[in-house]
Structure formats: C-alpha cells, structure tokens
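User: I would like to go through this model term by term. Please set each value against its cut-off.

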Amino acid sequence: MLKHHPDNKSRYEFDESIFTPNEERVKLPSPVEEVYHEQQAFDQIWLWAILGIELLVILIPLVLTGQPWWTFVLGVGVMVMTMALLGSMKLTTSIDSTGVQYKMSVFHWKTHTIPWEDIDQIYVRKYAPISEYGGWGIRYGRGGRALNVRGNYGIQIVKKDGKRLLLGTQTPEEAALYLSKHPLLV
C-alpha cells in the first residue's frame, strides 16, 4: 500500500504495516492430528554387558590356545555382527486416525498397519514377558504374538478375527491417555 507523503503531493512512500500480523486475528485449530508415537531400542546396559562378557569368553580361549588367526577373526566377526544386529533393532509404534502402525526394524521391511475397522479391543496392560511370551523380541505365546523390547507393559490389540498382538511400551500412561481420548474408542 502506498501512503501519500505530506511534504510533496506527488511523492508516495511504501507502507510496510500490511506485512505485520494483526494480533486480533482468530487462530484456527491446527490441521495436524494428535498421534501417539514411540520408538524403543535394545539399549539395556545389562544386555550389552552380557554380550561383552560373551565376547571375552569366546576370545580368551582362542588367544590362549594359539588358534589360527582366521578362527579369531571368525569369532570376533560373529559377535560383532550379533551386536550390530541387536543395536540396530528398534520397535516403532504409532497410533493415529488410520489405526495402529508398528515396525520392528531389521525384521520388518515395511510398517504394518492394523486399521481401526479390524480392531475389536485395544488397551494398555501389564504382562509377564517370560511366562506369557518366552522373553523379549518378536515372540509367540499362548496370548498371541508380541513385539517387545523391554519392560512389562504393552498395548494389547485384539482383532475382530480373534488374533492378538501385544506391542511393548515404555510409556504406558501416555498410551492409555491417548487411547482414552480417541474418538473411535469412546
């Protein structure tokens, strides 16, 4: 917008006030939907300590008995690959308006989605990883399938076809709060 300059009737100056935001405007709600998202990794200190001890148990006898260099390289290579595989594994869980998405990296090439129309029940529960599923990771047990990294809380999904899936969570309160506010579950 051009303003008339008071000193000279033919001179105009540029008015920059049109580029400053008006504080009295009504703010519209954000189009971004609320999403529950969690990513977990196998980063427990005790697990890495056990793997380190196992590496020493393999290497010390190889060195003390004077084994050929290739057995030493093979032993170290297998342990390093195992540690790299475990270190790169991550469980990613997201819940949004389309449903529940999950992926256990290294084992799943793509994200799996369970749409809301396929879900009969979904809730957060405490579980016993060893007695119900035989441990952590991608597990099968009497209660169905479980993908977990650590802990004993999970998001239990019961599908309409009767199949059950438990996704481990380190934030059970946040997951339960999100599920309690979800419009499809109220």
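Analyst: The answers below take the model from overall make-up to single residues.
This is a predicted model, where local features need pLDDT of at least 70, side-chain atom pairs count only at pLDDT 80 or more, and totals for chains, interfaces and linings use all residues. Residues are numbered from 1 along each chain as its sequence is written, and side-chain values use heavy atoms, with hydrogens and water left out.

User: How many helices and strands does the protein chain have?

Analyst: The protein chain has four helices and eleven strands. Both are DSSP runs, numbered from the N terminus: helices are H or I with at least four residues, strands are E with at least two. Its accessible surface is about 12500 Å², with 62% belonging to carbon and sulfur atoms. That area comes from the Shrake-Rupley method with a 1.4 Å probe; for residues, only the protein chains shown count as cover.

User: Why is Tyr-127 called buried?

Analyst: Buried means under 20% relative accessible area, exposed means over 50%, and partly exposed lies in between (1.4 Å probe, protein chains only). Tyr-127 has 3%, so it is buried. Buried residues make up 33% of the 186 residues in the protein chain. Tyr-127 sits in the loop between β7 (119-126) and α3 (129-133).

User: What does Tyr-127 touch, not counting residues up to four places away in sequence?

Analyst: Contact means heavy atoms within 4.5 Å. By that rule Tyr-127 touches residues including Glu-132, Tyr-133, Arg-150, Tyr-153, Leu-166 and Gly-168. Tyr-127 and Gly-168 are 41 residues apart in sequence, yet 9.4 Å apart in space, C-alpha to C-alpha. Across the protein chain, residues 24 or more positions apart account for 49% of the contacts with a separation of 6 or more.

User: What makes the link between the side chains of Tyr-127 and Asn-148 a polar contact?

Analyst: A polar contact is a pair of N or O atoms within 3.5 Å; within protein, one must be able to donate a hydrogen and the other to accept it, and residues adjacent in sequence count only if both atoms are side-chain atoms. The side chains of Tyr-127 and Asn-148 are joined at 3.0 Å.

User: Which side chains make polar contacts with Gln-101?

Analyst: Gln-101 is found in strand β5. Its side chain makes a polar contact with that of Asp-96 at 3.4 Å. Another, of 2.8 Å, joins the side chains of Gln-101 and Thr-98. Gln-101 has a relative accessible area of 11%, so it is buried.

User: How do you know that β4 and β5 pair?

Analyst: Two strands pair if DSSP finds at least two bridges between them. Six bridges join β4 to strand β5 (residues 99-104), and the two run antiparallel. Leu-91 stands opposite Met-104 in β5. The two strands form a hairpin with two residues between them. Strand β3 (residues 36-41) also pairs with β4 in the antiparallel sense, over six bridges. There His-37 has Ser-94 in β4 as its bridge partner.

User: Why is strand β4 called largely enclosed?

Analyst: Five of the seven residues of β4 (residues 90-96) are buried, so the rest of the structure largely encloses this strand.

User: Which residues form the nonpolar patch on the surface?

Analyst: Val-63, Trp-69, Trp-70, Phe-72, Val-73, Leu-74 and Val-78 form it, with about 770 Å² of accessible area together. Patches are made of residues with over 30% relative accessible area and no salt bridge: like charges are joined within 9 Å, nonpolar side chains (Val, Leu, Ile, Met, Phe, Trp, Tyr) within 5 Å. A salt bridge is a side-chain nitrogen of Lys or Arg within 4 Å of a carboxyl oxygen of Asp or Glu. Helix α2 (residues 69-88) gives the most, with six residues.

User: Why does Phe-72 count as partly exposed?

Analyst: Phe-72 is found in helix α2. Its relative accessibility is 36%, so Phe-72 counts as partly exposed.
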